[in-house]
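Please open the structure in your viewer and keep the selection tool at hand.

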Amino acid sequence: MKITTTSNRMFSLLVLYDMQTLYFERALEKISDEDAHKRLDTKANHIAWLTGSLVQQRYEIANLLGYSEKQKASELFQDGKGIQDGLKYPSLSQFRDDWKKISPVLKDLLAKITDQKLDEKFEMMPGMSLTYYELITFIIYREANCIGQIALWRRLLGYEALRYDDM
């Protein structure tokens, strides 16, 4: 698929975005909802939380860029809320449905973002300002990191390794 961007700075980020959109789907292949909640006697974030957090992140970036919808489980992740012990998170299929809904919307928004918008600063939280470019770059990095964590959980839970072929 040919990628066209308004800003040249977004081209390589959208290549990574497309890769991560696919790898997210593959990372969740065949994982049961029961296994998605296992933490194996650790304090690590389980697959269900990692998955919902990634979906939330895409919705939040889209919201910053003018989109108004939220994922179905947004209240579980709003304001950077971490994993909540003892809580049963929604099914992976619900998170997948929201991922499939937001991914093309956000890709279009990112492809159309201008250099002026990328250079615009906003307050991320009190005392912390970022440009949109810095935020987008960070979220692309974070997506790869979280997908890698899910890939590790796959192996720890006895599933086949994440497939990186046929991009």
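A search of this predicted model finds 13 salt bridges in the whole structure.

**Stop 1: Arg9 and Asp115**

Select Arg9 and Asp115 and display their side chains. The two side chains meet in a salt bridge, with a distance of 3.2 Å from N to O. Asp115 belongs to helix H5, residues 115-119, while Arg9 lies in the segment before H1, so this pair ties together parts that are 106 residues apart in sequence. Is each partner buried or exposed, or something in between? Asp115 has a relative accessible area of 37% and is partly exposed. Arg9, at 28% relative accessibility, also counts as partly exposed.

**Stop 2: Ser7**

Ser7 is found in the segment before helix H1, which covers residues 11-27. The relative accessible area of Ser7 is 0%, so this residue is buried, the limit for that class being under 20%. Which residues does Ser7 touch, leaving aside those up to four places away in sequence? They are Ile113, Thr114, Asp115 and Leu118.

**Stop 3: Glu29 and Arg163**

Next, select Glu29 and Arg163. These residues form a salt bridge in which the closest N and O atoms are 3.4 Å apart. The pair links distant parts of the chain: Glu29 is in the loop between H1 and helix H2 (33-36), and Arg163 is in the segment after H6, 134 residues apart. Glu29 is partly exposed, with a relative accessible area of 31%. Arg163 counts as partly exposed too, at 35% relative accessibility.

**Stop 4**

Select Lys38 and Asp35. Their side chains meet in a salt bridge of 2.8 Å, N to O. Lys38 is partly exposed, at a relative accessible area of 31%, whereas Asp35 counts as buried, at 12% relative accessibility. Now select a further group: Arg26, Glu29, Arg163 and Asp165 are joined into one network by salt bridges that share partners.

**Stop 5**

Return to the loops and select Lys30, which is found in the loop between H1 and H2. Its phi is near 70 degrees, a positive value in a residue other than glycine. Lys30 is exposed, with a relative accessible area of 74%. Then select Asp41, in the loop between H2 and H3. Asp41 is not a glycine, yet it has a positive phi of about 55 degrees. At 86% relative accessibility, Asp41 counts as exposed.

**Stop 6: Helix H3**

Select residues 47-64, which make up helix H3. H3 has 18 residues, and its first and last C-alpha atoms are 26 Å apart, close to the 26 Å expected at 1.5 Å a residue. How many of the 18 residues of H3 are buried? The number is 15, and H3 is therefore described as mostly covered. After H3 comes Gly66, whose phi is positive, near 110 degrees.

**Stop 7: Helix H6**

Select residues 132-156, which form helix H6. The 25 residues of H6 should span 36 Å at 1.5 Å a residue, and the end C-alpha atoms are 36 Å apart, which agrees.

**Stop 8: The largest pocket**

Finally, turn to the empty space. Rolling a probe the size of a water molecule over the atoms shows where such space is left. The largest pocket holds about 620 Å³ of space. It is lined by 24 residues, and those closest to its centre are Gln56, Glu60, Phe77, Asp79 and Gly80; select these five to find the place. Helix H3, strand E1 (121-125) and helix H6 each supply at least two residues of the lining. Which of these elements supplies the largest share? It is H3, with 9 residues. By class, the lining has 10 nonpolar, 8 polar and 6 charged residues.

Note on methods: Residues are numbered from 1 along each chain as its sequence is written. This is a predicted model: local features need pLDDT of at least 70, side-chain atom pairs count only at pLDDT 80 or more; totals for chains, interfaces and linings use all residues. Side-chain values use heavy atoms; hydrogens and water are left out. On a 1 Å grid over the protein atoms alone, a cavity is a set of points where a 1.4 Å probe fits but cannot get out, and a pocket is an open set with protein on both sides within 12 Å along at least five of seven lines; lining residues have an atom within 4 Å of a point. Grid points are joined across faces, edges and corners, and a volume is the space filled by probe spheres set on the points. Helices (H or I, at least four residues) and strands (E, at least two) are DSSP runs, numbered from the N terminus. Ala, Val, Leu, Ile, Met, Phe, Trp, Tyr, Cys and Pro count as nonpolar, Asp, Glu, Lys and Arg as charged, and the others, Gly among them, as polar. Buried means under 20% relative accessible area, exposed over 50%, partly exposed in between (1.4 Å probe, protein chains only). Contact means heavy atoms within 4.5 Å. The expected span of a helix is 1.5 Å times one less than its number of residues. A salt bridge is a side-chain nitrogen of Lys or Arg within 4 Å of a carboxyl oxygen of Asp or Glu.
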